[in-house]
Amino acid sequence: MSKHWLCQELFDLRKKAKLSREALGGPARTSASTIANFESGKTNVGFCYVERLFHELGYEIDIHKTKKGESVD
């Protein structure tokens, strides 16, 4: 099973912001180990935590309707 693209996106944005997992996790109320596990695709994390992490990096998750049969990845 490959990791979800959001895992890599979080890793890339965190690195771009030059933040450690600890520095990101504090304000997002998420442990550094949870962030590490999510970034590596080892664990599922609740949507509210993922949303908080992206929010702390200055991003939001946007959803939109797709055409039936269109790939989501």
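1. A residue counts as buried when its relative accessible area is under 20%, and as exposed when that area is over 50%; partly exposed lies in between. Keep those cut-offs in mind for the points below. Note too that this is a predicted model.

2. Start with the overall fold. The protein chain has four helices and zero strands. Read along the sequence, the pattern is α-α-α-α. The C-alpha atoms fill a box of roughly 40 × 25 × 20 Å, taken along the principal axes. The chain has 73 residues, and 23% of them count as buried.

3. Now look at contacts along the chain. Take the contacts with a separation of 6 or more: 56% of them join residues 24 or more positions apart. As for the surface, the protein chain exposes about 5,600 Å². Carbon and sulfur atoms supply 52% of that area.

4. Next comes the largest nonpolar core. It has 13 residues. Which of them touch the most other members? They are Leu10, Leu24, Phe38, Val50, Leu53 and Phe54. At least two residues of this core come from each of α1 (5-16), α2 (21-28), α3 (32-39) and α4 (47-56). The helix that gives the most is α1, with four residues.

5. Leave aside residues up to four places away in sequence. Leu24 then touches Leu10, Arg14, Ile35, Leu53, Glu56 and Leu57. Two of these partners, Leu10 and Leu53, are also among the core residues that touch the most other members.

6. Is Glu39 buried or exposed? Glu39 has a relative accessibility of 2%. The cut-off for buried is under 20%, so Glu39 counts as buried. Its place is in helix α3. Its side chain has a polar partner: a contact of 2.7 Å joins Glu39 to the side chain of Arg14. Not counting residues up to four places away in sequence, Glu39 touches Lys3, Cys7, Leu10, Phe11, Arg14 and Arg21.

7. Stay with α3 for a moment. The residues buried in this helix are Ile35, Phe38 and Glu39. They cover an arc of only 95° around the axis, so they sit on the same side of α3. An α-helix has 3.6 residues a turn, so residues three or four places apart point the same way. What covers the buried residues of α3 includes α1, α2 and α4.

8. Compare α4. Its buried residues are Val50, Leu53 and Phe54. They cover an arc of only 95° around the axis, so they lie on the same side of α4. Their cover includes α1, α2 and α3. Val50, Leu53 and Phe54 are also among the core residues that touch the most other members.

9. Check the cysteines. How many disulfides does the structure hold? It holds zero. A disulfide is a covalent bond between the sulfur atoms of two cysteines. For Cys7, the closest cysteine sulfur is in Cys48, 15 Å away, so the two are too far apart for a bond. The cut-off for a disulfide is a pair of sulfur atoms within 2.5 Å. Cys48 is likewise in no disulfide.

10. Cys7 has a relative accessible area of 4%, so it is buried. Cys48 has a relative accessibility of 41%, so it counts as partly exposed.

11. Gly41 follows α3, and its phi is positive, near 80°. Gly58 follows α4, and its phi is also positive, near 90°.

12. Finally, inspect two loop residues with positive phi. Lys18 is not a glycine, yet its phi is about 60°. It lies in the loop between α1 and α2. Its relative accessible area is 75%, so Lys18 is exposed. Arg29 is not a glycine either, and its positive phi is about 55°. Arg29 lies in the loop between α2 and α3. With a relative accessible area of 58%, Arg29 is exposed too.

Terms used: Residues numbered from 1 in each chain as written. Predicted model: local features only at pLDDT ≥ 70, side-chain atom pairs only at ≥ 80, totals over all residues. Heavy atoms only, no water. Core = buried A, V, L, I, M, F, W, Y, C linked by side-chain atoms within 4.5 Å. Buried < 20%, exposed > 50% of the residue type's maximum accessible area, 1.4 Å probe, protein only. Contact = heavy atoms within 4.5 Å. Polar contact = N/O pair within 3.5 Å; in protein donor to acceptor, adjacent residues only side chain to side chain. Arc of directions from axis to C-beta. Areas by Shrake-Rupley, 256 points an atom, 1.4 Å probe, with all protein chains shown as cover.
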